[in-house]
Amino acid sequence: MSNVETEPAQTRCGPEENDGERPGGTGVEVLTPRDVPLGGPRAMTVRRTLPQRARTTIGAWCFADHYGPDDVTRTGGMDVAPHPHTGLQTVSWLFSGEIEHRDSLGTHAYVRPGELNLMTGGHGISHSEVSTARTTVLHGVQLWTALPAEHRDTGRDFQHYVPEPVRLGGAGIRVFLGSLAGSVSPVRTFTPLLGAELTLAPDAGVTLPADPAFEHGLLVDQGDITLNGTRLTPADLGYVPLGTPGLTLHNDSTTPSRAILLGGPPFEEEIIMWWNFIGRSTEEIAQAREDWMKGRRFGEVTGYDGDPLPAPVLPNVPLKPRRNRR
């Protein structure tokens, strides 16, 4: 899912009262989500852990929405009209359900559990996302990675990949970006990245090798997981800083646990995120918005029954760049 908020809060990255962070006590920062009702006819609510004041990026990962399990017979499911992106790659990963994807490259594809769809919106791309009639429960994550300045105007692209599951100790692992546990994803990215789904049986544990040049984040989907001595509960994102040689996980639950592991070297560039655009200046974002509203640059999505989403109104003050606190 993309950020279809009707009033995106560019300068507000986390809850006012607690900054979206609680100390872990073991070198692990615990980032807690905020609920975000998305715009559009469904007003689907997601749990957002990136970005927020406590942390803007983990590697180049700059956006993490976690949604479901959503009973679509009750809520109506997902129906996101064509909308634009610049300066980023979108990573769609499902635990259950199915989403139909159409984009201005002419791609018509499906997002299914255990299968990666990665879309590159450098200079500009548009797409739609609709849950299919076969879907009863919709459950997954939507992630973005920021493109470095030298590649932020790259061309449109779409990649699909189905990783083979591997086992290491007590963990089942599906590596969709980067490499882990001997599994290597062939999917192209513009900075070094790690992205993997991890599952643990009840009371199972594993120690994963960690690149000390990477920072890591573990987004818990289900179960209570201890990460390097810090307890994480569902929807928490545990941040592990540079220089950590290993990640030790244990499922403290009596049922299987599942999490998404993210990683990459620190992304040192300041970025501006507003709506579905990533840029480096207010002028760049304003130009992207104008181009979208005037039907330029982003191409056309064919096959979607409905009008494109209009862009929200830009605030009357300059947009502020974001960078991690160090």
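Leaving out neighbours within four places in sequence, Thr49 is in contact with Leu31, Thr32, Pro33, Ala64, Leu219, Ala235 and Leu237. Contact here means heavy atoms within 4.5 Å. Thr49 is buried, at 2% relative accessible area. Buried stands for under 20% relative accessible area, exposed for over 50%, and partly exposed for in between (1.4 Å probe, protein chains only). The residue belongs to strand β4 (residues 45-50).

This is a predicted model: local features need pLDDT of at least 70, side-chain atom pairs count only at pLDDT 80 or more, and totals for chains, interfaces and linings use all residues. Residues are numbered from 1 along each chain as its sequence is written, and side-chain values use heavy atoms, with hydrogens and water left out.

Now the sheet. Seven strands form an open sheet in the order β3-β4-β5-β12-β7-β10-β13, with antiparallel pairing. β3 (34-37) and β13 (157-161) stand at the edges with a single partner strand each, so one side of each lacks a neighbour in the sheet. Neighbouring strands are turned by 20° against each other on average, direction ignored. Strands are DSSP runs (E, at least two residues), numbered from the N terminus. Two strands pair if DSSP finds at least two bridges between them. Axes are lines fitted to C-alpha atoms.

Strand β12 (residues 137-146) is mostly covered, with nine of its ten residues buried.

| Pair | Bridges |
|---|---|
| β5 (residues 61-71) and β12 | eight bridges |
| β7 and β12 | eight bridges |
| β7 (residues 88-96) and β10 (residues 116-121) | five bridges |

Asp71 stands opposite Val137 in β12. Leu94 faces Gly140 in β12. Ser92 has Asn117 in β10 as its bridge partner.

How values were computed: Helix = DSSP H or I, 4+ residues; strand = E, 2+ residues; numbered from the N terminus. Axes fitted to C-alpha atoms, helices over the stretch in contact; angles between N-to-C directions.
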